[in-house]
Amino acid sequence: IGAVTDQPLDVAAHEAAAIARRRGDPALLVFALNGAFMQSFFRTGLDGARDEIGAELIAVSSRHGLVTYELLGHLIRVQSRSAFGDVAAADAHAEAADRLAAVHESPLVGVFTRWYRALRLALTDHPFPVVAAAYDEAASALVGAGMPGLQRGLPALALLAARVQHGLTAPALTANEAKEGTDWGPYEPWARPLVMLSQGRSGVASAAVVTGPNPSRRP
């Protein structure tokens, strides 16, 4: 879309959704909303926008029997409400997604809701061993699920975040991380400073922070 219209993809995706609304075509609209969701990760601070997309997906899909997109809407809102720390609303959407998945035989939905429930333990200040065990269980659900983008790095990152939350040091790994069983995946540049710090290499850790990539920020 962006190459054809010469617009940023996120702008083009929202214009596609607007066109679908004007046409009154619910199937086209939910497809376009999915596109808008996929283009909503180019910078930080867009959890509110994703929440609105999820809400519209649920509303349109539930009226027109578009179950796949209704499931997507609930999963989007699990994520966005978690970002706001609103575990009550996230719980409700996770439960709704699980109910729909059970009726319509969509087992992969449970992979996402299991990860949410592990995150929920972290959000509600459960002890680190409890959180770590839940993340380990959630990680096991990724095996054979066909989601390499989640399987690579996410389990290690989640555990690292939980360790930081509880004032624990990062696992003291060497450069031979893969052999030790830890795969940081694409998150390695952001994990490296904490790993170095846990090894007492504060100078190297500081340099890694300075030279490491920055996530895109709010404008």
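Trainee: At what angle do the axes of helix α6 (residues 87-104) and helix α7 (residues 109-123) cross, and within what distance do they come?

Mentor: The two axes cross at roughly 160° and come within 10 Å. Axes here are lines fitted to C-alpha atoms, for helices over the stretch in contact, with angles from 0 to 180 degrees between N-to-C directions. This is a predicted model, in which local features need pLDDT of at least 70 and side-chain atom pairs pLDDT 80 or more, while totals for chains, interfaces and linings use all residues. Residues are numbered from 1 along each chain as its sequence is written, and side-chain values use heavy atoms, without hydrogens and water.

Trainee: Why is α6 called roughly antiparallel to α7?

Mentor: Angles over 145 degrees count as roughly antiparallel, under 35 as roughly parallel, 65 to 115 as roughly perpendicular and the rest as oblique. The value is roughly 160°, so α6 is roughly antiparallel to α7. The crossing of these helices is left-handed, that is, the near helix is turned anticlockwise from the far one by less than a right angle (clockwise would be right-handed).

Trainee: Which residues make the contact?

Mentor: On α6 they are V87, A90, D91, A94, E95, A97, D98 and A101, and on α7 V109, G110, T113, Y116, R117, R120 and L123. Contact means heavy atoms within 4.5 Å. By class, eight of the residues are nonpolar, two polar and five charged.

Trainee: What makes α4 roughly antiparallel to α5?

Mentor: Helix α4 (residues 47-64) packs against helix α5 (residues 67-83) at about 155°, with the axes 8 Å apart. The angle meets the cut-off already given, so α4 is roughly antiparallel to α5. This crossing is left-handed.

Trainee: Which residues of α4 and α5 meet?

Mentor: The α4 side includes I53, L57 and I58, and the α5 side includes L72, I76 and R77. The contact of α4 with α5 has eight nonpolar, seven polar and six charged residues.

Trainee: How many helices and strands does the protein have?

Mentor: It has 13 helices and zero strands. Helices are DSSP runs of H or I with at least four residues, and strands are E runs of at least two.

Trainee: What share of the residues is buried?

Mentor: Of the 219 residues, 37% are buried, meaning under 20% relative accessible area with a 1.4 Å probe, protein chains only. Among contacts with a separation of 6 or more, 54% come from residues 24 or more positions apart. The C-alpha atoms fill a box of roughly 60 × 45 × 30 Å along the principal axes.

Notes:
Nonpolar A, V, L, I, M, F, W, Y, C, P; charged D, E, K, R; others polar. Buried < 20%, exposed > 50% of the residue type's maximum accessible area, 1.4 Å probe, protein only.
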